[in-house]
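Subject: Structure for your review

Dear colleague,

Please find below the structure that I am handing over to you.

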Amino acid sequence: MKAPLSFRFPWRSRRQIAAEVDAELAFHLAMRVAEHEEHGFTHADAVARAKAEFGDVEFTRAYCRRQDEAGERIMRWSERLEGVWYDVRHAARSLRRTPAFAATAILTITLVLGVNTAVFSAAHAVLLRPLPYGHPDALVAVEIKSVGGYFVGTEGLSPPDYQDYHAQQRTLTDIAAYTDGTETWLPAHGDPEVIHVARVTANMFNVLAATPRLGRGLIPGDAAAGAPDVAVISSRLFDRALGGDASRLGERLTIDGRATRIVGVMSPDFTLGRRADLWRPLDLRSDLGDPGRTRKQHWLRAIGRLRERTTIAAAGHDLALIGARLAATYPDADSNRFAVPVPLRTWMVGSAGSGLTMLQGAALLVLLIACANLANLTLSRALDRRGDVAIRAALGSGRGRLIRQLLIESLLVALAGGILGTAVAYGATRWILGLNANALPGPYPVAVDGMALAFCAVLALGTGLVSGLAPAFAVARLDLQQTLREGGRGNSGGRVVERARRALVVAQIALAATLLVGAGLLVRSFQALDAVKLGFAPDHVLTAQLTVGGARYDSAAAVNRFYDAALGELARTPGVVAVGAADVLPTQGSSGASMRIEGQVNDEANLPNMAYIAVRGDYFRALRVPLLAGRLFTASDNDSGAANVAVINETALHRYFPNGAIGKRIHIGPVATGPAITIVGVVADVHAEGASYPVLPALFPDHRQQAWESSLSIAIRTRGDPVAMTPALRRAVRNADPTVAVHDIATLETVTRASLASRRFALALVTSFAGLALVLATIGIYGVLAYLVAGRRREFGVRLALGATRGSVVTLVLRQGLIWTATGLVLGLAAAAAERKLLATSLYGISAGDPVTWIGVAVTLLAVVTAACLIPAMRATRVDPVVAMRAD
Amino acid sequence: MSRTPPEMLQGTVDLLVLRALGWEAMHGYAVSRWLEARSDGVLVVDGAALYQALHRLERRGWVASSWGISENNRRAKFYRLTRQGTAHLRESTAVWHDYAHAVARVLAPR
């Protein structure tokens, strides 16, 4: 290939331009003077005439200089661009000539940039996009923080809490509350369908400053006694139910058996954090009418808006004061608890926020490792071309030019990787979200959009610069004369270059070690979670949710008739071992209730509190939860006049019934208004809240006697494949009531796994990042050692010829690799130790200092790297001394 | 002998200079002589207008220059048309002809 050696005149300076213009004009005038003299004028006259004819000499002189200077500038720029363009073509050609390098480099960058961009798309959608409300920064979630007593953690507000905080607070313009749920929509044609519904206090749309796309939002009058049923729906449901026809606004849809008038349609991106298709007014009157029972039922999610010029700290202070007053008034329900304001986004995003940040951090670490790899590869290539480079430098190609060429090559690789990486990111986000819809906490619009593209472009540019600059400077500082003398074949590479290569390898190992420690800790804590005995047998169980509600089910008798019919038919179905139902399935959470135990002195500030889960049918047999004492429910419990009965778990027995529980009578609620419930049995513990939470004391009343929650989850234990039972399940429900919708049909194994889904998902990503990091670092150290061995072939040949053993040569090479690895490992582990606090928040069952992880990472890394180093080490022993000496 | 008429448009000088250089490469003085000779002494472009035009045309890339030796053995700056200059000359000539015809038609006695 030819270098662009065009021998043009060097660029002209301002002074040169001025001199040339003067000379040119002088020539013209002189010619003119000579002409006049020929016509017989005296010299003086001839000069005067020539000047007069010419016109304004000074202006022309200045004009011409300006033009020339401008022209010169354009020329310089276009020449520079031409040079760059030449280098781009040169780089493309040289990449084409080394397809293995080009493919490796581009593939690495593609993968790494793709992963980074995909994670960024999610992080952007969840963490950075403005929330779809007016002035969202002033919005706060209000939740209850409990620092002691029967539950420690954060939870929602109870209806009386909401009423009290709403009335007494002074720092928010208003507080709205809502609760998520499902209801049944009966379309004009077709089967009933379950839709996600949020019941919201009528001020919700006001607080959020969210305006509907069509019609109106909910207003206070909508929740008034006797007001007609109205609702606001999502754009999605509007399209499905009303054909997206604005003129049909105001029509009625049958929701949970009630004709509900649709008064507004929200824009597609509106959400309260979870999926919802319909927002209807929340009526709290009956709950507020019985505060003794409802003060401990923390099921309201609340959102407030800070007053102007009010800080969140001031709001927190105000709410804490109210909390202290409430605790004094209602010691049983409100001791040790107070409301706290949380920035709305933080609250909506929950743990997904720190998870995404962690993922992005891991992805960026992998990118850095890939950069180091690419830098080392580029360096090797540059060293191979030293002769070429030296000749060019000798011919006057400046060092800047050399740096530029290497840089352009790296940038070209990074650009190609960036473009392909965008495609990878696009595919990856689709694929992952399709595979795991619950990976994110809500309906976030994850897309590889302009922001993601900009992010990818910046990363690609950075990758090109970082991986190109280091080798470019190292090569530019090579002693080129030395290289020329060696005929461009010497392999010393120079001290600077060697040092750069070593630093890169050490950095790679360090980064990989850091990432491996993080991934290792997550794997270990997931193992700990997975090993938790949940207390039931999730195999061979089919589950489904039933939405039973509306006007037809306003009495316990109607609810009981439906479940007796449906569960009865299922129990008679061949292949069914046992069938039961409960408020909520294990690992999906529970709600608590306080109670008084007859014959015990109760501490008013700390009444016994148990998870309250109503069950019916053969629920415990279906889940294989063993009965430890007493009995389960029998048919006679349902006789009129029979005593109300319940079963408790082992934890409740040990905590509240030191003298045995069977036959003891309890009353629900701090103000014992309801009838007494007799405890008839004790069952084994079940992790009702999920594996990562401790078992709470639990009370399982007979749902037949306490049927106010009408929508239950069914559990069917089958002899064969549980999924095969799906048609029988649908048939049984349809036979009992064709308007009841069956949804979320899934095996209990799936449900149980879903409680760990987002953890499992993040774990899979972080582990694959760590794996990728290990592979890249290994390739990196292998590449450098292999290059080093190739360059010292002659030396090894001489050593072997002089009687060195093969073992000593292997040791020589291995030692080199292991010194780098050990240095990197120490640095990496130190970095991991520095970020231990960050990691600790997402661990379960192990500490961040878990010795198995740390030692495991060190051993794994050393083993893998040693294996990688052995290959070049063995190659060093196979050098034939004669051949090696002749090669030069 | 009158010098460049003031009403002679800048564009016209540019066009004439390009036309001169389209004949052959020459220095500024030769351009003025050539124009005078071709127009039988009617079009006399003064030095100021000529050199301004030459440098303007060079900046636009329509002419290129290099130093050479004149017919009387002096150092002189020679100009030649570039490829873009040739194309521009062709276009401008056509435009000028149309314009001149139109003006002539309007002015013609019926």
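Predicted model: local features only at pLDDT ≥ 70, side-chain atom pairs only at ≥ 80, totals over all residues.

I begin with strand 1 of chain A, which spans residues 139–146. Six of its eight residues are buried, so strand 1 of chain A is largely enclosed by the rest of the structure. Strand 1 of chain A has several antiparallel partners. Seven bridges join it to strand 11 of chain A (residues 337–343), and there Glu143(A) stands opposite Val340(A). Four bridges link strand 1 of chain A with strand 10 of chain A (residues 301–306), again in the antiparallel sense; in this pairing Val142(A) faces Ala302(A) as its opposite residue. Strand 2 of chain A (residues 153–155) is joined to strand 1 of chain A by three bridges and also runs antiparallel to it, with Lys145(A) opposite Thr154(A).

Strand 7 of chain A pairs with strand 3 of chain A (residues 172–186) in the antiparallel sense over two bridges, and Leu186(A) stands opposite Thr254(A). With strand 8 of chain A (residues 258–265), strand 7 of chain A pairs over four bridges, also antiparallel. Here Arg252(A) has Arg261(A) as its bridge partner. Strands 7 and 8 of chain A form a hairpin with two residues between the strands, and in this hairpin Asp256(A) takes a positive phi near 50°.

Finally, I turn to the helices. Two packed helices are described by the angle between their axes and the distance between the axes. Helix 5 of chain A (residues 159–168) packs against helix 10 of chain A (residues 312–329) at an angle of about 130°, and their axes are 10 Å apart. The two helices are therefore oblique to each other, and their crossing is right-handed. Helix 5 of chain A contributes Asp164(A), Tyr165(A) and Gln168(A) to the contact, while helix 10 of chain A contributes Leu319(A), Ile322(A) and Leu326(A). By type, the residues of this contact are four nonpolar, one polar and one charged.

Yours sincerely

Key
Residues numbered from 1 in each chain as written. Chains lettered and ligands numbered in written order. Pairing = 2+ DSSP bridges. Buried ≥ 20, exposed ≤ 12 C-beta atoms within 10 Å, placed from the backbone. Axes fitted to C-alpha atoms, helices over the stretch in contact; angles between N-to-C directions. Parallel < 35°, antiparallel > 145°, perpendicular 65-115°, else oblique. Left-handed = near helix turned anticlockwise from the far one by under 90°. Contact = placed C-beta atoms within 7 Å. Nonpolar A, V, L, I, M, F, W, Y, C, P; charged D, E, K, R; others polar.
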